[in-house]
Amino acid sequence: MPPEVVDVPLRIVRTSRRHDSATRHVSGSATYIDDMPEPHGTLHLAPGGAPVARGKIKSVDLDAVRAAPGVVRVLTAADIPGTNDVSPVVGDDPALADGEVQFHGQVVFAVVAETREAARRAVKLAKIEIDAETPLVTVDEALSADLNILPEYRFTTGEVGAALAASPHRLDGTLRIGGQEHFYLEGQVALAVPGEDEMLVYSSTQHPSELQALVAHMLKLPQAAVTVEVRRMGGAFGGKESQAAQWGALAALAARLTGRACKMRLDRDDDMIMTGKRHDFRADYQLGFDGEGRLNGYDVLLSSRCGYSADLSQGINDRAMFHADNAYYLPAANILSKRMKTHTVSNTAFRGFGGPQGMMAIERAMDDIAWTLGLDPLDVRIRNLYGDGRDMTPYGMRVTDNISPELIAGLERSSDYRARRKAIAAFNADSPIIKRGIALTPVKFGISFTNTFLNQGGALVHVYKDGTVHLNHGGTEMGQGLFVKIAQVVAEEFGIDLEHVKITATTTAKVPNTSPTAASSGTDINGMAAQSAARIIKDRLTDFAASFYNVPREQVAFRENKVFYGNHSVAFSELILRAHVGQVSLSSTGFYKTPDLTWDQAKAHGRPFYYFSYGAACSEVMIDTLTGEMKVERIDILHDVGKSLNPAIDIGQIEGGFVQGMGWLTAEELVYDAKGRLLTHAPSTYKIPTSSDVPADFRVALFDGANREATIYRSKAVGEPPLMLAISVFCAVADAIHSLAPGRRVPLDAPATPESILRAVKAVAQH
Amino acid sequence: MTGASRRAIKLQVNGKPHAAEVDVRLTLADCLRQEFKLTGTHLGCEHGVCGACTVLLDGQSVRACLMLAVQADGRAVATVEGLAGADGKLNILQQAFKDHHGLQCGFCTPGILMTLTECFADKPDLTEQDIRVALSGNICRCTGYQGIVDAAMDALRKMRSLL
């Protein structure tokens, strides 16, 4: 790896800084899209959804809708001047259904009215007749019908059939892994403002450039005539990567047709019914292992519910495959992915992007091995880790930055795992009803978009005559602290206080053709781009100062809001003024592309990731074997963020990601009926973790180490990896159930709700 | 809507008199946001579960999305915009949320601050567990609640030291 060269002490980066909007958030003055003053005459949209999941549309009678009070216009597919599509890749997501519907709630029409309430009331007056067909709702139904939305895909390494056959121990099993609703607190919202042959769309989106392109195609406008802006989102988690587009596009369509500003803010029930979720998976696996618990062969079929369209399912299912190994070396493996089409909403990006589901299967495999051989599951995990001579992934990338053994050993010590396991065994021996369990599980998560071209970032930096800096970049702020981190990078570069860097809203008008803020990559790519822009300006300033003050370039330095030259200094703002008079350009773009990535999709081989982020968590739980009730008692986390740019922000990501993962695996259950209707379409029926579900004993530490790769100040991405630390909670629940009948495998499916726990308790007790 | 479905209301919001003629079915949350332009009260689920729209009515927490504006007629409403001093100085609770990184996307923050404001006024002897239970009607999807609970405990300590 190239050595890190830091010639001046760092003052701004690698320090804990508050979220840039913290004061606004606690004062209620942070503006989300629904808080913006509405342009005069703003109209409001409400979506009309399909009453059944599948069938040809026979008739749509909207006369009563049009006649309803306050209604200005009703939109159907026929009203779209250009392309009726809001999909990210494939072109199979109509903004308004045309001819057929493929999931319950699919948008068939949209009402544009003087008020949101008038629009929502009018929606109810529609008469939609559909020639209903029986929907395929579950993965199993889609597998039976062999209905795929995308071709299957496979990684192979070694001869798995022979490895399984030669193994002294063999097992097979099935694990079902539930989906997850994002429940960003701010629901989907967009405000479109028409201009002179132009369209400005404010959208709560992680992907402004994609919405810009979709709106342009839909309205037959050049992309240069469409601007998308987002200052902040009230949470996103992947749910606003591709699926914010429909609402922004419909608002823009309405604005184009009425000539008035149009806002679309989804009702929460509509939001949960009409937007996709984390894919639920079924994992069918075969294991071959030796008497020490080391895997010889792993054959896994990962089948997922993609929903009615492709959306981002290719990348998501690929990422599940890329993480089918998690932190473990697989001498021989066959990793097969089936992407099933169902007549349900199109499932989409969600923090981890398929990785968590891939990891869940192999973590169950580790437990299976331990239960079968009577070993401590931690020992089985440690024995299977990547290591010397065992460093090749199933997709041909060598693991060169492996810190798992050291990190796990550190957490094993700091969590006091061994002593607690003994204490738990003693407790369980005396406690027939209440059982405790513990698990320590690792995470190794690949960082980079696996669609290699997306690994690029852009920025725009201006320095004004008073020495203040205007910062813009391609990333979007959804609460994760991206903006403050990038401002820290720019302030560090100019040697000025953070307060002098003005953070501005993301807009396609300042930085074009951006990638989504996704794949945990926001800081990595946009931080480097912003640093590059700042360095270009700083180089010009250095040249100017050297010439103006007649000193060698090497004697010009920027720090403490000053520029030092020789034995003298001048205020940064003063140098800026002099440079302006000296006709120096004080504005620059910056660009970055992640180096050294290769991926051959046809051969399933290459280096798709720049590096890996690592972590481990130890969770202890208590279950009531009569009611299925579960309580998390203690959590210990050791997580690798390289050299943190902002430890407070990173710890917040780790804690928040963990709890979100815990919700996915223990509480949050999506229930569809046989007709494909989502029954859990509000937080009243869909259980999201609250403060009382999180234990007071929650210990989080950052692993001390630098990124081996030359990332921005040697930091590592942090957005997604911590979510998968929560697999330790799921495994701890299984461990508690296992105490009822040692040696038996625990058929616990995710989420481990009380019902799921009781089913598993009964299953192991009945043997 | 007919004229009979509208009614004039007068109420105190953050200590200042406010008046409006509203549709009788208008929620208090929509009234605050649309009529009075107080957009710090956020709408998350609009059926009383997420807690983002929590405000105080005569000192007691209510879900502004479940309450009608006409029900607040003649009463005193407190919202997040009223927490800071007239000079804009953050109060102890607000400052603690800032100091302890008790927020990320910020959307749930106003509701959480109002829930705690009621809580702290009632009982100064709260434990951490009490705070976790008190906040269990406010969903935060970002933080995992650690920063929030730390901030609440810090604010409580500082308030007690002023007693």
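The crossing between α2(B) and α3(B) is right-handed. The model is a predicted one.

**Helix pair in chain B**

- Helix α2 of chain B spans residues 92-99, and helix α3 of chain B spans residues 109-122.
- Their axes come within 10 Å and cross at roughly 130 degrees.
- From α2(B), the contact is made by B:Leu93, B:Gln94 and B:Phe97.
- From α3(B), the contact is made by B:Thr109, B:Ile112, B:Leu113, B:Leu116, B:Thr117 and B:Phe120.
- By class, the residues of this contact are six nonpolar, three polar and no charged.

**Helix pair in chain A**

- Helix α6 of chain A covers residues 208-219, and helix α7 of chain A covers residues 245-258.
- The two axes come within 9 Å, and the crossing is at roughly 40 degrees.
- Angles under 35 degrees would count as roughly parallel, so α6(A) and α7(A) are oblique to each other.
- The crossing of α6(A) and α7(A) is right-handed.
- α6(A) brings A:Leu211, A:Leu214, A:Val215, A:Met218 and A:Leu219 to the contact.
- α7(A) brings A:Ala245, A:Gly248, A:Ala249, A:Ala252, A:Leu253 and A:Arg256.
- The contact of α6(A) with α7(A) divides into nine nonpolar, one polar and one charged residues.

**Build of chain B**

- Chain B holds five helices and five strands.
- Along the sequence, the elements of chain B run β-β-α-β-β-β-α-α-α-α.
- Taken along the principal axes, the C-alpha atoms of chain B fill a box of roughly 50 × 30 × 25 Å.
- Buried residues make up 55% of the 163 in chain B.
- Among chain B contacts between residues at least 6 apart in sequence, 55% join residues at least 24 apart.

**Cis peptide bond in chain A**

- A:Ala750 and A:Pro751 are joined by a cis peptide bond, with omega about 0 degrees.
- A:Pro751 sits in the loop between α18 (727-738) and α19 (754-766) of chain A.

- A:Asp146 is not a glycine, yet its phi is positive, at about 50 degrees.
- The loop between α4 (139-145) and β7 (148-157) of chain A holds A:Asp146.
- Relative accessibility of A:Asp146 is 52%, and the cut-off for exposed is over 50%, so A:Asp146 counts as exposed.
- B:Asn14 also has a positive phi, near 50 degrees, and is a residue other than glycine.
- B:Asn14 lies in the loop between β1 (6-13) and β2 (16-23) of chain B.
- B:Asn14 has a relative accessible area of 24% and is therefore partly exposed.

Methods:
Residues numbered from 1 in each chain as written. Chains lettered and ligands numbered in written order. Predicted model: local features only at pLDDT ≥ 70, side-chain atom pairs only at ≥ 80, totals over all residues. Heavy atoms only, no water. Axes fitted to C-alpha atoms, helices over the stretch in contact; angles between N-to-C directions. Helix = DSSP H or I, 4+ residues; strand = E, 2+ residues; numbered from the N terminus. Left-handed = near helix turned anticlockwise from the far one by under 90°. Contact = heavy atoms within 4.5 Å. Nonpolar A, V, L, I, M, F, W, Y, C, P; charged D, E, K, R; others polar. Buried < 20%, exposed > 50% of the residue type's maximum accessible area, 1.4 Å probe, protein only. Parallel < 35°, antiparallel > 145°, perpendicular 65-115°, else oblique.
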